[in-house]
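Subject: Structure handover

Hello,

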Amino acid sequence: MIAPRLDERRVGGGGRSARHPEPVGDRMSAEAVGDGEALAQPTEARLAAVVPEGLIEGGETVILLLKPSLWFVVLAPLGTIAAIVAITALLATGDALLTGGVYSDEAALAAAGVVSLRVFWQFLEWLSRAYVLTDRRIIRVRGVLTVQVFECSLGRVQHSEVVRILREQLFGLGTVTFSTAGTGGIEAAWEMVGRPFDVQQEVARAVRRYGGRGGGV
């Protein structure tokens, strides 16, 4: 894949800058990573909406600013939803045998309520998540009640790869994982992003280009 040309722009008055690759043909671009997972033109307002204040340092260049696909809201809790449906079906079957289905409607309403709450919580999780690639670091922000920030200098990234379980493959998604120096396995992941192979290649390109700078993260 040919490296895209980069359009650099200043973000706010704090000396931060953001740049995004121009979309040329099938090349990778910050605006073209799937159905709305990427935030085009990462201005200060867009950064502030998903990234804690002060996380992006002065002079640091934002290459990619991503969120999981909206399918994350439904696909991530799919196992829990399936379990709720299965338990409700078993209870309804037992109720039909014992009482003739007296409580079936109440059980169905209760199950629907629990599923709705679970999906709503996952939506809050989606809102809280941001994946950032800069010319210095990879960053993952997540957490509804407690914000968790993972950051690692590009110089410490040993390996990145794409993992796609079946439900992600069906929707054209994937999870980009990162292994870093000093660890025995995967230390962080960008879950359920669109065009995951393009995202991973963009990360690898940044590591090759900027990783030699080192860094203390």
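Predicted model: local features only at pLDDT ≥ 70, side-chain atom pairs only at ≥ 80, totals over all residues.

In one of them Tyr131 and Trp190 are stacked, with 5.7 Å from centre to centre and 10 degrees between the planes. Tyr131 lies in strand S4 (residues 130-134) and Trp190 in strand S9 (residues 186-194), so this pair ties together parts that are 59 residues apart in sequence. Another pair is made by Phe178 and Trp190, whose ring centres are 5.1 Å apart and whose planes stand at 70 degrees, and because an angle over 60 counts as edge-to-face, the pair is given that name. It links Phe178 in strand S8 (residues 173-180) with Trp190 in S9, 12 residues apart. Tyr131, Phe178 and Trp190 form one aromatic cluster; Tyr131 and Trp190 are both buried, and Phe178 is buried as well.

Strand S8 deserves a look of its own, since 8 of its 8 residues are buried and it is therefore largely enclosed by the rest of the structure. In a regular strand the side chains alternate between the two faces of the sheet. In S8, Leu173, Thr175, Thr177 and Ser179 point one way, while Gly174, Val176, Phe178 and Thr180 point the other way. S8 runs antiparallel to strand S7 (residues 157-163), to which 6 bridges join it, and His159 stands opposite Ser179 there. S8 is also joined to S9 by 6 bridges, again antiparallel, with Leu173 opposite Gly194.

Best wishes

Key. Residues numbered from 1 in each chain as written. Heavy atoms only, no water. Phe/Tyr/Trp six-rings, centres within 6.5 Å; stacked < 30°, edge-to-face > 60°. Helix = DSSP H or I, 4+ residues; strand = E, 2+ residues; numbered from the N terminus. Buried < 20%, exposed > 50% of the residue type's maximum accessible area, 1.4 Å probe, protein only. Pairing = 2+ DSSP bridges.
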